Amino acid sequence: MAKLNSFIKIEGTLDGLTFYKGKEGYLVRTKGGVSAQRIKNDPAFIRTRENGTEFGHCATSGKLLRQAILPLLTDAKDSSVTPRLTQVMSRVKNADLTSIRGQRQVSAGLSTATGQEALSGFDFNAQAPLSSVLLSDYSLNTATGEVVISDFIPLQNLGLPEGATHVSLSCGFLNLDFSTALKDLQLSAVFNTAINSVLTPVTLTPLGVPTGTGTSIYLLKIAFFQEVNGVQYPLRNGAYNALQILDVL
């Protein structure tokens, strides 16, 4: 590498030279790296190709899940949800102990307890994890997807963002086949209540049991609102909303 000794300071690539700013000032070096063609065909890069194939599969699997739960996800996610979910799908894929390296599948990983555990508990909004939003026990019926919070007192059992006056709770029961992309999402009615000190038992029941032979995924969402003149408005466009995968079977 060499230092760029000029009053013109640039960054980027030009005529095979890469200009960049380092600790020692502006530097320049020749453009390097391995060509895409070599990575694609050279036997020395077989591990790289295997890793790339599996990474792409994990990214696609994460996208399938996000698209399957869009009615819940739209206002309950953060900017890092895509890479975070891809990372989790990679751990799920690692639980596939039958496929050869480079062809391990998320669907096979989810057939194991290890793979299911890796996905269970995932928070789609890392800024509002369910454990910090819902300060109450709940029960989940995995046969019906029903979620019950029997001792719910909003003012006591919620990690409240400033300005919130009302809260909505809902749940989802999803069957998703990661091999075929077939999906069926059943949602509960939305339970909305004022944030006060009144004991308000909550029962959320999906409209039905989803059909399919894929993976069963159970979700719980909590969304906050501010009431102004009788109208409830989403608080900070959902920045404080929580959405978590409760269980995976």
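1. Which residue forms a salt bridge with Lys93, and how far apart are the closest N and O atoms? The partner is Glu54, with the closest N and O atoms 3.2 Å apart, where a salt bridge is a side-chain nitrogen of Lys or Arg within 4 Å of a carboxyl oxygen of Asp or Glu. Lys93 lies in helix α4 (residues 81–94) and Glu54 in helix α2 (residues 46–68), so the pair ties together parts that are 39 residues apart in sequence; helices (H or I, at least four residues) and strands (E, at least two) are DSSP runs, numbered from the N terminus.

2. A note on the basis of these values: this is a predicted model, in which local features need pLDDT of at least 70 and side-chain atom pairs count only at pLDDT 80 or more, whereas totals for chains, interfaces and linings use all residues. Residues are numbered from 1 along each chain as its sequence is written, and side-chain values use heavy atoms, with hydrogens and water left out.

3. Glu54 also takes part in a salt bridge with Arg104, whose closest N and O atoms are 2.8 Å apart. This pair links distant parts of the chain, Arg104 being in the loop between α4 and α5 (106–109) and Glu54 in helix α2, 50 residues apart. Both Arg104 and Glu54 are buried, as is Lys93; buried means under 20% relative accessible area, exposed over 50%, and partly exposed in between (1.4 Å probe, protein chains only).

4. Among the 4 salt bridges found in the whole structure is the one in which the side chains of Lys221 and Asp75 meet at 2.4 Å, N to O. Lys221 belongs to strand β11 (residues 215–228), and Asp75 to the loop between α3 (70–73) and α4, 146 residues apart. Lys221 is buried at a relative accessible area of 9%, whereas Asp75 counts as partly exposed at 27%.

5. The open sheet of 3 strands has the order β5-β6-β10 with antiparallel pairing, two strands being paired if DSSP finds at least two bridges between them. Strands β5 (139–141) and β10 (202–204) stand at the edges, each with a single partner strand, so one side of each is left without a neighbour in the sheet. Between β5 and β6 (residues 146–149) there are 3 bridges, and Asn141 has Glu146 in β6 as its bridge partner.

6. In strand β12, Pro234 is partly exposed, with a relative accessible area of 48%. Leaving aside neighbours within four places in sequence, Pro234 is in contact (heavy atoms within 4.5 Å) with Phe224 and Phe225.
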